[in-house]
Amino acid sequence: MKPIRLSLLAVALAAVMAACGSTSGGETPTDPATADVTVTSVDMAFDPGTVNVPAGRTFTLALVNQDSMPHNVAIYTDESRSEKLFEGEMVTDGTITYEIPALDAGEYFFDCSLHPDMTGTLVAGD
Amino acid sequence: MTKLLGSRTAGFVLSAAIVALTLATANIHLGLGGLLFTLNGLGYAGLAALFVIGAVSPMPIVKRFSWFPRLALIGYTAMTIAGYLVMGPYFTLGFITKGIEAVLIGLVVVDVIRVYGSPMGLVRSALTSVAPVLPARFRPQPA
């Protein structure tokens with residue numbers, strides 16, 4: 001078989017393998033029990049939809065993804081999504097723990113960067 | 001190079017690679033969930049089907065419009081890449097997918113050169129296929 005044909009086959013094979021895999025960026029399987037708060041993504045929604053977190057200090061948030069598609073958590077000042085405060089890496093079919101910088105007391109908006117309809121509220125307080 | 005591309009085997013391998021890459025990116029988009037990605041994936045799957053039909057069908061009407069799946073695939077893929085660059089989100093699988101799509105565009109361009117001689121050849125073929133409904137001044141003149 002000539003080199004160009006081999007190259008084409010290799011490209012096609014690589015593409016199919018990439019498509020069939022469940023790769024996503026920066027998956028870090030961790031134990032959600034050690035995180036300050038845990039959020040589960042299931043059926044294209046966050047559970048719970050409202051999450052209470054400590055204000056004024058760095059905290060950890062575990063995202064347990066029970067869907068087959070990748071999800072993450074991105075935090076904004078409000079629903080307008082005009083000011084992003086944090087964006088976590090995607091996780092597919094597993095758990096990732098984010099270390100989130102300190103937030104002032106108040107309400108924040110969060111979503112999945114890939115699925116903007118998946119939203120929730122983060123309440124930072126004492 | 002032109003001689004190599006002109007062979008039936010090269011045509012088959014090239015078409016198979018194009019269909020494989022199209023189905024790969026369709027599969028990735030369908031796996032992402034959400035309406036936008038699902039529609040995007042279905043679009044790729046439809047274009048893969050059109051490409052296969054255009055490549056294998058002996059029907060004259062299909063051959064006449066075989067330029068369409070190629071042009072649509074290039075345009076659709078370019079728009080998908082542009083949309084991703086504008087909207088994100090940027091993560092590993094996203095970049096892998098855009099890499100597949102960039103290679104896909106390259107292979108379709110090679111296929112266009114193989115079949116029509118040049119991109120302008122495809123344009124001429126497209127104009128010829130729709131010539132009966134074009135105003136006279138837009139109809140391609142015989143060489």
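Two residues are in contact if their C-beta atoms, placed from the backbone, lie within 7 Å. The structure is a predicted model, in which local features need pLDDT of at least 70, side-chain atom pairs count only at pLDDT 80 or more, and totals for chains, interfaces and linings use all residues. Residues are numbered from 1 along each chain as its sequence is written, while chains are lettered from A and ligands numbered from 1 in the order in which they are written.

**Exercise 1.** Determine what share of the contacts in chain A with a separation of 6 or more joins residues 24 or more positions apart.

*Solution.* Such residues account for 65% of these contacts.

**Exercise 2.** State how many helices and strands chain A has, and in which pattern.

*Solution.* Helices (H or I, at least four residues) and strands (E, at least two) are DSSP runs, numbered from the N terminus. Chain A has 1 helix and 9 strands. Along the sequence, the pattern reads α-β-β-β-β-β-β-β-β-β.

**Exercise 3.** Describe the open sheet of 4 strands in chain A and identify the strands at its edges.

*Solution.* Step 1: two strands pair if DSSP finds at least two bridges between them. Step 2: the strand order in chain A is S2-S1-S4-S7, with mixed pairing. Step 3: strands S2 (45-47) and S7 (95-100) of chain A each have a single partner strand, so they stand at the edges with one side lacking a neighbour in the sheet. Step 4: S4 (residues 59-65) of chain A pairs with S7(A) in the antiparallel sense over 6 bridges. Step 5: within this pair, Leu61(A) has Tyr98(A) in S7(A) as its bridge partner.
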